[in-house]
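Hello,

Here is the structure I promised to pass on. Please open it first, then read my notes below.

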Amino acid sequence: MKFSHQIQFNAVPDWAEYYLPYSNLKKLIYTIEKDQVQYGLEDIERGPSDERTALIGSRDEAHNARFTEALDKALEKIVKFYSKKEAELYEELDRLLMDYEALDPSQAPRPASPLTLTSSSRPEETTFLQPQPSTSGSTFPRRELLADVASYDMPPNIVTQNMAETDPEQDEHMEGGHPQAFLELRKRTINLFVLLSELKSFVALNLTAYSKILKKYDKITGSNLKRYYLATFVQQAYPFKTATKTRLNERIQETERGYALLTTQGQLDQAIDELKTHLREHIVWERNTVWRDMVGQERKIQSVGVSEIKPLVLRTPCGAFVFDRDQLTSGLFLLASVLIFYSLLHLNLFDHVEQNRCFAILVFASLLWAGEVMPLFVTALLVPFLVITLRVMRSDDGTRLSAPDATKRVFSAMFSPVIMLLLGGFAIAGALSKFGIAKSMATFVLSKAGTRPNRVLLVNMLVATIASMWISNVAAPVLCFSLIQPILRTLPVDSRFAPCLILGIALASNLGGMASPISSPQNVIAIQNMSPPPSWLQWFLVSIPLCLVGNGLIWLFLLWSYAPEKQTTHIHPIRASPEPVNWTQVYICVVTVVTIALWCLAHTYEDIFGDMGVIALLPLIAFFGTGLLTKDDFNNFLWNVIMLAMGGIALGKAVESSGLLHTIAEHIEHFVEGYSAFKVLLVFSFLVLVIATFISHTVAALIILPIVAEVGNRMDVPQANLLVLGAAFVCSCAMGLAVSGFPNMNAIAQENELGKPYLSSKDFIRNGIPSSIMATACVTTIGYLLMRLVGF
């Protein structure tokens, strides 16, 4: 969650306008950044001079002055509000403490406590006051009773809303004979504890906001204002002084001791626990309300300019059913898929019933994956259910397996070493992202790219490909799109470089899907269908040259298509992260390098480790065992991808076990009979490219790669590994449409400050389809030669 949302979510609703205006200050920073870029371009055109150096210095001072003026105004408002609120609450606490002392011990519900409850702010006051009656349930003044509100321009005290007017616990006390005065004091104590705790949170949240906004200002403008401003102004302001915060903690402790005297017979720990429970209830109620308001506002913003589609209403004797066109289309597609599935189950297309039923499952799953009428991983979970219940599995001798035996075989195949390889990859990606290693490395490289748009485009594409190699081509574009925001913010609205840069990152991330075995799910599926599986070194020897050549060709094509330097000669540079490397990051890098090295040498140490999946346990143990990654990080793994891969493995096992794969391969073998491995690769590359362009890369791999492997094994000279690896690489080359892979879908969702998308479907058709063809041509030519050279 962004801090601008955090500060809204954690703020006391009635005090919201007195917090640091974080979002407004961010906009001011971006305005200053634009000014810097504009002046920088003008200075470059004028050429070097001493006058220009002096001007730059004066501009920086003017920007700092402009920003500190906004910070000063916010700080003054915070100090005013805090001082007034503190005075009100401390005065009420003093009255409350004197009311405690005025209690008649003979009426108390328990023996008087020896705790000293005298106010620390007024030690000279020793008189005892009778409890003050209240008709409203609290002695806090209501909004309309504060005469000085207008003069202060501040909100009144807030009566906590976590206590009902008729508290069931209150009724219980009344039944026990406890006087009303004690119940009134108890309620006032709870309310005061909540308000003092919220005041403490107000100080802490504003201090964090100042630190974060100054850090952002320094990072974007290249200044060094944070340390000076925090030490000179913020920490010297009254609310943020150590003495002020210490005093506030002491007053909170006084309410805790008073509550202990009143309700827990002097048991301070029990009193604190009860008060914290009341505070949690109040915050939950308050945040729930605030969160709903925030979500509602966000939805209103997102719905601006979007035409409302009138829902369809179907009236039946059982009631009215309301649905939109998308739901209707999905429902009709699902119904058609079920009818096709039912029809195929009763057609005798093959000699054996297992093959007929397996073919029906294959077509049904393919339709559901292609139509996406339900989440892809749900369809994957449906596969083992149908495979077992329809009994399509056969034993090695050809007899039909019973449901219990089929269950053991299917589930043992689903959790294979390949799944462990995927989990190990997720652990490495999680550690590199969580501790900022991936971002630091990327910003370091991008900071060397300079200000020429052509060079910046190429470097960003290479960074996207390299990031895809290690943190997957799902996370890589997200990282890269966040890194280029400073560039996009400073470009004109109609700049051609913005769509060119976003599209370049998306296409490079797609290509990065072939860079390593853990870059994308289709690579994991490819390894599952290769025997023996390739080593990481073999994979890199083929994939890295292909990625470099493919990026180069796409880069040249994008420069020809957009010609960004004709419109934008220089752009805003990206600064490297100034944070120093720590030992945790060193440890993560060492574990990652050792794991990758062992993956590259897996065949050499096969007698020790057995499989690459066993080596994948090392990062899981090293990162989770030391607490660097937590249970939450484990839960945040892409389990939908893992389920999808497991469902694909189950489908592949069923197609193989039922004999369907053998039958299909025989028919394809007749079609490609006499073809060389190169021609067969061309045929399958064209088929995979078309399928993967319109549906998911992973789904295309799930459907096609088992067939490719079987055809390769049945050739005169078996070439299964070569064909499978080539077809898997072509899956990553399919990037002709906005829906062709996650990087493309992420790219088309990028919008400028006005809410207008940078890219349209025409951009992908005009640039993505030629890029797909060029990348596929690289795989079938250069890739074929490289695969031959490394022994496939």
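Start with Ser658. This is a predicted model, and Ser658 sits in the loop between α26 and α27 (660-671). Is Ser658 buried or exposed? Its relative accessibility is 0%, so Ser658 counts as buried; the cut-off for buried is under 20%. Leaving aside residues up to four places away in sequence, Ser658 touches Glu354, Gln355, Cys358, Val392 and Arg394.

Next, helix α13. It runs over residues 403-414, twelve residues in total. At 1.5 Å a residue, α13 should span 16 Å. Its end C-alpha atoms are 16 Å apart, so the two values agree.

Which residues of α13 are buried? They are Ala406, Val410, Ala413 and Met414. These four cover an arc of only 100° around the axis, which means that they lie on the same side of α13.

Last, the surface. Val581, Trp583, Val586, Val590 and Val594 form a nonpolar patch there. Together they have about 540 Å² of accessible area. One of them, Val590, is in helix α21 (residues 583-600). Val590 has 47% relative accessibility, so it counts as partly exposed.

Best wishes

Notes
Residues numbered from 1 in each chain as written. Predicted model: local features only at pLDDT ≥ 70, side-chain atom pairs only at ≥ 80, totals over all residues. Heavy atoms only, no water. Helix = DSSP H or I, 4+ residues; strand = E, 2+ residues; numbered from the N terminus. Expected span 1.5 Å × (residues − 1). Buried < 20%, exposed > 50% of the residue type's maximum accessible area, 1.4 Å probe, protein only. Arc of directions from axis to C-beta. Contact = heavy atoms within 4.5 Å. Patch = residues over 30% accessible without salt bridge, like charges linked within 9 Å, V, L, I, M, F, W, Y side chains within 5 Å. Areas by Shrake-Rupley, 256 points an atom, 1.4 Å probe, with all protein chains shown as cover. Salt bridge = Lys/Arg side-chain N within 4 Å of Asp/Glu carboxyl O.
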